[in-house]
Amino acid sequence: MKSLIATSIAFIFIQLPMNLQAQNQANYDETKVPALILPDPFVSEKGLIIENIEDWEKIRRPEIFNLFESEVYGILPKDFDEISFELVSEKTNPYPDLANLEEVNITVSRNGKSHTMRVNLFLPKDQKAPTPIVLLINYLPAYPDGKLVEEAFWPVPELIKRGYATASFHAETVAPDLTDSYQNGIISTLYPEQIGKGNGMKAYGAWGCGAMRAMDYFAQHSKIESEKSVLVGHSRTGKAALWTSANDPRWAITYANESGCGGAAISRRKFGETVEAINTRFPYWFADNFRKYHDKEESLPIDQHMLPGLIAPRALYYSSAKGDQWADPKGEFLGIKLGSRVYSQIYGKEIRFPDEFEAVTTPIHQDAVGYHIREGQHDLTWTDWEIFLEFVKKNL
Ligand code: GTR
């Protein structure tokens with residue numbers, strides 16, 4: 001783990017100039033955004049108009065799911081032979097007055113091979129009844145001073161004070177966040193048959209497996225009310241959280257913060273990060289098939305406005321930052337605004353979004369769907385959490 005973390009830090013320093021170069025060359029001019037002609041979520045491949053839950057769930061949702069799986073994210077395998085949970089004690093609990101810490105090693109076996117990932121879980125001290133849980137998929141490199149590595153972006157005391165249990169795992173405990181070694185986690189150990197396929201799992205599929213195995217732990221835990229579970233990811237892990245929730249209906253609320261290209265934002269806008277830019281810098285995140293759409297976003301058979309429909313009717317939340325133009329805030333807003341039509345038209349939720357993105361000045365907290373945009377840069381800040389937790393209070 002230590003060497004993985006060291007490599008990640010080196011990677012970030014090497015990647016930075018490339019990152020800045022790509023960001024400088026990107027389009028940030030709204031007048032140069034192509035007119036949006038988007039695939040219709042409500043017309044099936046055979047031309048059937050989809051108007052009710054039965055047709056949505058039996059016909060159109062599976063079609064859209066299959067396209068995202070084969071063309072964008074790759075397979076997220078669900079099968080394994082055995083799972084076991086072991087409590088270990090390696091870190092000092094930083095919040096002993098507020099919470100009990102469980103450090104859990106989750107070992108998953110398949111075809112005679114096994115992989116162990118780590119989840120850290122804080123449970124409110126002196127809890128009387130099972131509590132809802134908030135899981136964060138984290139990815140930042142090591143934190144010094146013996147803190148839990150997953151602690152960045154993770155306001156443990158605030159979540160505990162609001163009555164939630166909260167857990168986090170570091171993406172790299174499942175699959176390294178690196179081009180040359182992403183397969184060295186669960187992909188080569190548990191799912192080697194995925195390697196080399198155009199629709200084979202990559203890092204997002206692997207991180208999604210990690211979240212699902214964490215959920216397996218919560219589901220058998222007597223102090224966790226796992227039907228009330230919240231999955232949170234920022235940026236790259238926001239994209240992973242969305243794909244996880246599309247695959248695993250056990251998440252009651254899914255939150256993707258500033259997930260941008262390949263997450264919340266509509267790819268056809270080509271504003272900020274493009275499909276080519278992301279696949280070039282991170283060729284190990286998405287399925288290889290996604291590369292077919294480099295500078296051909298208009299030929300994608302789906303677009304990101306169809307992703308919320310895979311999570312509906314479960315609650316979904318997106319957020320953006322004004323200074324994070326690389327993630328295309330307007331494209332993120334449109335992703336959830338247009339995506340929320342499955343919630344309203346198929347599932348009958350009461351949803352109203354402003355007509356214009358520019359008119360959004362306050363959080364939009366609707367029935368099962370929410371969005372906010374704040375000042376500042378790309379980050380998962382306490383402000384984001386605080387606004388999102390208001391939405392959680394209403395929707396959990
Ligand atoms: C950026 C990348 C984004 C986003 C982000 C992150 O460099 O281009 O797609 O995922 O990294 O995860 O922080």
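Helices here are DSSP runs of H or I with at least four residues, strands are DSSP runs of E with at least two, and both are numbered from the N terminus. With that settled, hello everyone, and let's walk through the model. This is a predicted model, where local features need pLDDT of at least 70 and side-chain atom pairs count only at pLDDT 80 or more, while totals for chains, interfaces and linings use all residues. Residues are numbered from 1 along each chain as its sequence is written, and side-chain values use heavy atoms, with hydrogens and water left out.

Let me start with a proline. P313 sits in the loop between α8 and β8. The peptide bond leading from A312 into P313 is cis, with omega near 5 degrees. As background, most peptide bonds are trans, and most residues other than glycine have a negative phi.

E258 has a phi near 45 degrees, a positive value in a residue other than glycine, and it lies in the loop between β7 and α7. Is E258 buried or exposed? E258 has a relative accessible area of 1%, so it is buried; buried means under 20% relative accessible area, exposed over 50%, and partly exposed in between, using a 1.4 Å probe and protein chains only. A368 has a phi near 75 degrees, again positive in a residue other than glycine. You will find A368 in the loop between β9 (364-365) and β10 (369-374), and A368 is buried because its relative accessible area is 4%.

Now to strand β7, residues 253-257. Five of its five residues are buried, so β7 is largely enclosed by the rest of the structure. I253, Y255 and N257 point one way from the strand, while T254 and A256 point the other way.

Which strands pair with β7? Two strands pair if DSSP finds at least two bridges between them. Strand β6, residues 224-234, pairs with β7 in the parallel sense over five bridges, and V230 has I253 of β7 as its bridge partner. From β6 the chain crosses through helix α6, residues 236-247, to β7, and this β-α-β crossover is right-handed: with the strands pointing away from the viewer, the path from the first strand over the helix to the second runs clockwise. Strand β8, residues 315-321, also runs parallel to β7, joined by five bridges. Here N257 stands opposite S319 in β8.

Next, a histidine. H294 is in the loop between α7 (275-281) and α8 (308-311). Its relative accessibility is 16%, so H294 counts as buried. Leaving aside neighbours within four places in sequence, H294 is in contact with V275, E276 and N279, where contact means heavy atoms within 4.5 Å.

On a 1 Å grid over the protein atoms alone, a cavity is a set of points where a 1.4 Å probe fits but cannot get out, and lining residues have an atom within 4 Å of a point. Grid points are joined across faces, edges and corners, and a volume is the space filled by probe spheres set on the points. The structure holds two cavities of 30 Å³ or more. The largest has a volume of about 80 Å³, and α5 gives the largest share of its lining, three residues.

How values were computed:
1 Å grid on protein atoms, 1.4 Å probe; cavity = no way out; pocket = protein on both sides within 12 Å on 5 of 7 lines; lining within 4 Å.
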